[in-house]
Amino acid sequence: MWRSTSIFIQISILFAFAFTSFLAVALLYVKIQPGLESIKQYNVIVGAIGKMRHYNASMSDIKAFLEEENFHEVKLTDSIKNKISEDLQTPHAGSFNVNVIQDGNKIFITLHTTKELIVYQDPIAFDWSKYHTITMFGAIILIVIYITLMKRLMPLNNIKHEISIMANNNEVRQLTWGIDNQDEIGDLVREFNRSVTKIISISEARTFFLRSIMHELKTPIAKGRIVAEMIDDKKQKQRLCDVFERLNTLIDEFAKIEQLVSKNYTYKRSQFFLDDVIKEAKKMLLMDSKNQSNIVCNYNNDLVKADFSLFALSIKNLLDNAIKYSTDSKAIIDSTGKDLIIKNTGEPLKMDINEYFKPYFKDIKNPFSQGFGLGMYIIKTTLDTQNFELRYSYENGYNIFTIKNCIVENFCNIDSSIVK
């Protein structure tokens with residue numbers, strides 16, 4: 001709980017505790033210490049009087065000593081009498097007692113004989129204000145330290161706000177706050193900006209490389225397609241044409257993914273029937289009539305709201321994976337409520353689903369793993385762009401992939417035998 005709390009709140013709480021503790025200790029000291037110091041000073045005088053008595057000094061000698069020390073005799077008030085009656089004992093005949101008596105903030109020296117009671121007080125009042133001044137000065141220092149510390153840390157709040165804006169706008173750029181600070185915050189910002197520069201350079205190099213590769217591949221594919229059209233054998237001709245068509249489709253997919261990653265894709269949300277996007281996905285899979293039975297359709301012809309092109313690309317890759325890794329080479333399409341389900345029979349995934357979403361992922365635990373490891377990455381990227389959640393589960397021997405909340409309205413059930 002404490003670790004998840006804002007550092008500004010933590011500092012404020014610690015300061016409040018320290019400030020309160022300081023005031024409590026200071027006020028207690030102010031209340032007790034002056035009296036203790038005064039009594040200590042008076043006890044020194046009493047000690048001196050005791051030494052005088054040891055050398056048989058008379059009462060008049062002691063009075064003269066007190067007057068030399070700037071003590072003067074004060075009138076005996078009822079309050080002093082009551083205090084003396086509580087604390088003093090009657091001296092023996094021929095002797096007298098010397099005591100220090102405190103009455104509130106006033107301290108007295110008493111000379112008590114069997115016949116008389118004389119009270120002396122120092123005319124110089126004790127300076128209580130210096131303790132209050134010290135306490136006030138200490139409190140001001142603590143407040144100044146708190147304000148200075150919070151001011152020094154304030155760039156952290158501005159940096160956090162600036163990074164949040166970048167995250168919301170899906171952009172990567174250098175920070176401006178705190179860049180001129182000659183402290184750890186400034187070092188952090190400069191290191192962050194240095195990393196951003198490297199990331200942007202790598203991203204631009206990757207984009208340039210992908211676009212160059214896709215551009216260079218278009219020409220040989222087009223030439224290969226032209227040559228394939230010249231083959232007399234219709235069966236071989238069709239096979240070659242399908243291969244080049246498949247390569248061309250893959251390049252188009254890579255181009256679309258590159259646009260998504262570089263944030264250059266224009267997202268177009270529309271409503272369409274689920275049956276139409278399934279047909280488009282099958283078309284992208286280049287499935288011939290013999291392979292149509294590999295896809296079992298149990299879904300309703302529901303209404304979906306998404307980007308048609310991206311959604312078809314997601315479905316195409318989900319179906320391709322389902323068929324490729326199933327034990328019976330079949331993919332099952334189903335729908336329930338607002339969710340679209342694609343599942344297949346087979347062993348459960350050996351690793352966490354998030355591992356499969358990484359680009360160029362290869363499952364070393366699966367010897368039958370095929371392809372470049374981009375299928376799940378493409379699925380996740382296209383669905384995230386449309387704000388759809390993809391969930392994975394394994395139930396009753398089925399690997400189940402569910403696209404959440406993509407259906408906006410339910411319609412009639414579709415007979416799998418008529419879906420072409």
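1. Strand 9 (residues 339-345) and strand 11 (398-404) pair in the antiparallel sense over six bridges, where two strands count as paired if DSSP finds at least two bridges between them. Helices (H or I, at least four residues) and strands (E, at least two) are DSSP runs, numbered from the N terminus.

2. Residues are numbered from 1 along each chain as its sequence is written, and side-chain values use heavy atoms, with hydrogens and water left out. Because the model is predicted, local features need pLDDT of at least 70 and side-chain atom pairs count only at pLDDT 80 or more, while totals for chains, interfaces and linings use all residues.

3. Strand 9 is also joined to strand 8 (residues 331-336), by five bridges and with the two strands running antiparallel; Ile-332 stands opposite Lys-343 of strand 9. Strand 8 and strand 9 form a hairpin with two residues between them, and in the turn Gly-337 has a positive phi of about 60 degrees. Strand 9 itself is mostly covered, since six of its seven residues are buried, a word that here means under 20% relative accessible area, with exposed meaning over 50% and partly exposed in between (1.4 Å probe, protein chains only).

4. The buried residues include Gly-375, Met-376, Tyr-377 and Thr-381, and the buried residues of helix 10 pack against helix 6 (234-261), helix 8 (308-325), helix 9 (353-356), strand 10 (389-395) and strand 11. Just after helix 10, Asn-387 takes a positive phi of about 60 degrees.

5. Helix 8 and helix 10 pack at an angle of about 150 degrees, with their axes 9 Å apart; axes are lines fitted to C-alpha atoms, for helices over the stretch in contact, and angles run from 0 to 180 degrees between N-to-C directions. Helix 8 and helix 10 are therefore roughly antiparallel to each other, the convention being that angles under 35 degrees count as roughly parallel, over 145 as roughly antiparallel, 65 to 115 as roughly perpendicular and the rest as oblique. Among the residues that meet across this pair are Leu-310, Leu-313 and Ser-314 in helix 8, and Ile-379, Thr-382 and Leu-383 in helix 10.

6. The Thr-382 side chain reaches the backbone oxygen of Ile-379 at 2.9 Å. Leaving aside its neighbours within four places in sequence, Thr-382 is in contact (heavy atoms within 4.5 Å) with Ile-257, Leu-260, Leu-310, Leu-313 and Ser-314.

7. Elsewhere, three strands form an open sheet in the order 5-7-12, with antiparallel pairing. Strand 5 (270-273) and strand 12 (407-409) stand at the edges, each with a single partner strand, so one side of each is left without a neighbour in the sheet. The twist from one strand to the next averages 40 degrees. Strand 7 (residues 303-306) is joined to strand 12 by two bridges, and in strand 12 Ile-407 is the bridge partner of Val-304. Helix 7 (residues 274-285) packs on the sheet, touching strand 5 and strand 7, and its direction makes about 80 degrees with that of strand 5.

Technical notes: A polar contact is a pair of N or O atoms within 3.5 Å; within protein, one must be able to donate a hydrogen and the other to accept it, and residues adjacent in sequence count only if both atoms are side-chain atoms.
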